Amino acid sequence: MEDQQATLRNAMTRLDLTRDSFADRLGVSRRALDSWLLPATSGEHRRMPGVVAKLLAGLPEAPPVAAGAPGELRARFTKRGKPHLLSVAQFDRETVEALLRVAEAMEPIARRRKVTRVLEGAVLGNLFFEPSTRTRVSFGAAFCRLGGSVCDTTGFTFSSMVKGESIADTSRVMSGYVDAIVVRHPEQGSVAEFARHTHLPVINGGDGTGEHPTQALLDLYTIRREFERLGKSVDGARVAMVGDLRHGRTVHSLIRLLSLYRGLTFRLVAPPSLEMPPALVEAAAAAGHKVEQVATLADGLRNADVLYATRIQKERMSGEALEAYPADFRIDRRALATLCSPDTVVMHPLPRDGSAGANDLSTDLDDDPRLAIFRQTDNGIPVRMAVFAVLLGVEHLVGRDLRDAPWISPARLGPGDAPFHRLA
Ligand code: NCD
């Protein structure tokens, strides 16, 4: 039965079709297709007719996980220039999917079943001039899980920038110490400026309200994995982005990255003054997507396949703007029950404001299997491992350099992990 689901999903991927258009192409109802895609344990599951099985058996398998020739992928998304990752604008669909296949190959290591030493001896400089927990630690952990080591500095206070040192000098100095650099900085464009002064790989870990490309990559990876389980395709998906869309760099990168796919509907739910920058809205529309800007959750969440909530970026606002933020953007159990479907994927880049009554994604959803936020944070490891492996040219070596992890680690990571969280 698993085979039946796999065959159908492989066919949808190979033919690049949504569930609706696939059902249409097969000449069956969407309901019939849904029943074929359900797990065999479900009472609603149905076997697909032999004639359909025979037709699909002729399709070639999805491409193998391994990337092309060493250095090829790096050359593709860096346009043969310096090996930096500064913006999602560096990707086309094929390249991003190739990178995410490298991330999939990292899963056994990320899941602590295997270890590798392909980056043994290499050092990462992790420079964070803005607060961070998951981005800083997951970049560091990803580098370590490839066998490398990490040196970091956090905040301006403990760096020489507080003494007036320029980005250019800092960049050149760091280049003498490490083999790759991740930078987070409060000013838009600052990481690109850093990258101009070095030939080492530089990765943008968030530049003010600009971009956060690796977050968008791990968000796309998460959406694809969740959709794979649900039998959905990114093409044609309805994605609701909620919250502070003006200052949130994660949504700035995500809308651009998702725009590489086809026929999406973006519902942008933001209060007045915190809307998505017009240039990003126009770019998504120009790429052929439907973009609806709405001001209430009720208008935005209807039929959403993905609900992507974001935090209000208080640190990037003045007092008045903050007061203008209405109190009805709280996404809790009630909002989900009344506005979302049983298979909406609920995401958030985190951190969320967990204080009582906070206007953010509520903790009362923590047992809801639709809440993908911790699967999303977990996915930061394989995706950032893939970025390092590709930028440092070792992605083809990882498969040849795997040993079993000798230590004991739990099968499930957190108490709220839904049963389908694939940790095996
Ligand atoms: C985000 C960021 O720093 O842009 N967090 C993250 O990296 N996962 C989102 C935020 O701070 O709200």
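Of the 424 residues in the chain, 52% are buried, a term that here means under 20% relative accessible area, with exposed over 50% and partly exposed in between (1.4 Å probe, protein chains only). This is a predicted model, in which local features need pLDDT of at least 70 and side-chain atom pairs count only at pLDDT 80 or more, while totals for chains, interfaces and linings use all residues. Residues are numbered from 1 along each chain as its sequence is written, and side-chain values use heavy atoms, with hydrogens and water left out.

**Overall fold**
- The chain holds 17 helices and 11 strands, where helices (H or I, at least four residues) and strands (E, at least two) are DSSP runs numbered from the N terminus.
- Its radius of gyration is 22 Å, close to the 22 Å given by the globule rule for 424 residues, so the chain is as compact as a globular protein of that length; the radius is taken over C-alpha atoms, and the rule is 2.2 Å times the number of residues to the power 0.38.
- Along the principal axes, the C-alpha atoms fill a box of roughly 70 × 55 × 45 Å.

**Contacts**
- Among contacts (heavy atoms within 4.5 Å) between residues at least 6 apart in sequence, 76% join residues at least 24 apart.

**Glycine 81**
- Glycine 81 lies in the loop between α5 (72–77) and α6 (93–105), and it is partly exposed, with a relative accessible area of 44%.
- The C-alpha atoms of glycine 81 and histidine 199 are separated by 9.7 Å, although these residues are 118 apart along the chain.
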